[in-house]
Amino acid sequence: MLHFADSLTFSGRKVVAARAALPFPALSGSSLPDALSAHQEVPWKLLSSWKEQKVSSCFAQSVVLRGMCQEKATRSPLHGCESPEQVLQQYCHTQFPGAFSTAHVLQQPCHTRPPFPQFFSPLLTRRGFLLDRAQGFSSAGVESIPVLAALQSCPGLHWLLSGLCRELRARRWSSFCTAGLEQDDFQEALEEITTLAQCYETGFGADGSEDEADSD
């Protein structure tokens with residue numbers, strides 16, 4: 001994972017954000033182009049306890065979609081693509097223009113049989129696709145789901161890393177001292193995180209909101 005993250009970072013950046021739509025919201029029987037075209041914004045969420053502001057740009061990303069197919073598509077801008085990877089690549093380019101993106105589509109879904117946590121809505125089929133109304137069996141019957149996931153090097157990490165620095169500075173020094181951390185080492189680590197956060201600062205105004213896409 002470390003080497004994979006390194007392949008998505010440059011210009012002093014070292015951190016990537018993990019996101020996922022679990023399951024990827026797609027209607028039962030929909031094709032890959034139809035399912036992607038239905039989402040004006042990418043439906044994934046940040047896999048972190050930090051509350052993220054809306055981010056519509058990134059520097060680099062690797063995106064994987066599992067459990068979807070391309071057949072029986074209606075006419076859409078994605079319909080002319082020759083392969084599932086091209087469909088996803090074009091969708092990523094539309095959502096994040098100018099970003100370096102790699103896209104992979106796997107037919108095999110994510111299996112959710114026990115002991116996988118059964119927290120699914122009754123609006124899902126056994127294969128994890130959406131229904132117009134609740135089905136007759138328990139959500140425990142969901143056996144697999146389509147999943148959209150990504151690792152991103154994006155401007156939103158500036159906010160996350162800056163928030164980490166603020167939280168660390170707000171804590172009592174004694175809590176770190178009892179763990180054997182020297183104050184000089186602590187200050188040096190804070191400076192490194194602050195410098196790292198500045199590497200993601202492009203595209204953010206003084207209020208921390210995104211105002212323009214990165215020019216890299």
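View 1. Arginine 113 counts as partly exposed, at 47% relative accessibility; here buried means under 20% relative accessible area, exposed over 50%, and partly exposed in between (1.4 Å probe, protein chains only). The model is predicted, so to speak of local features pLDDT must be at least 70, and side-chain atom pairs count only at pLDDT 80 or more, while totals for chains, interfaces and linings use all residues. Residues are numbered from 1 along each chain as its sequence is written, and side-chain values use heavy atoms, with hydrogens and water left out. The structure holds 1 salt bridge, a term for a side-chain nitrogen of Lys or Arg within 4 Å of a carboxyl oxygen of Asp or Glu. Look for the side chains of arginine 113 and glutamate 143, which meet at 3.9 Å, N to O. The two residues are 30 apart and link distant parts of the chain, both sitting in the loop between strand S5 (110-111) and strand S6 (144-145). Glutamate 143 is partly exposed as well, at 34% relative accessibility.

**View 2. An aromatic cluster of three phenylalanines.** Phe116, Phe119 and Phe120 form one aromatic cluster. Across the whole structure, a search finds 5 aromatic pairs; rings of Phe, Tyr and Trp (its six-membered ring) pair if their centres lie within 6.5 Å, and planes under 30 degrees apart count as stacked, over 60 as edge-to-face and the rest as tilted. Phenylalanine 116 and phenylalanine 119 have ring centres 6.1 Å apart and planes at 55°, so this pair is tilted. Phenylalanine 119 also forms a tilted pair with phenylalanine 120, at 4.9 Å centre to centre and 50° between the planes. Phenylalanine 120 is buried, at 5% relative accessibility, whereas phenylalanine 116 is partly exposed, at 24%.

**View 3. A negative surface patch.** Glu182, Asp184, Asp185, Glu188, Glu191 and Glu192 form this patch. Patches are made of residues with over 30% relative accessible area and no salt bridge, with like charges joined within 9 Å and nonpolar side chains (Val, Leu, Ile, Met, Phe, Trp, Tyr) within 5 Å. Glutamate 188 lies in helix H6 (residues 183-198) and is partly exposed, with a relative accessible area of 42%.

**View 4. The chain as a whole.** Zooming out, you can follow 6 helices and 7 strands; helices (H or I, at least four residues) and strands (E, at least two) are DSSP runs, numbered from the N terminus. Their order from the N terminus on is α-β-α-β-β-α-β-β-β-β-α-α-α. Of the 216 residues in the chain, 42% are buried.

Definitions and conventions: Accessible areas come from the Shrake-Rupley method with a 1.4 Å probe; for residues, only the protein chains shown count as cover. Lys and Arg count as positive and Asp and Glu as negative; His and the chain ends are not counted. The place of a charge is taken as NZ of Lys, CZ of Arg, CG of Asp or CD of Glu.
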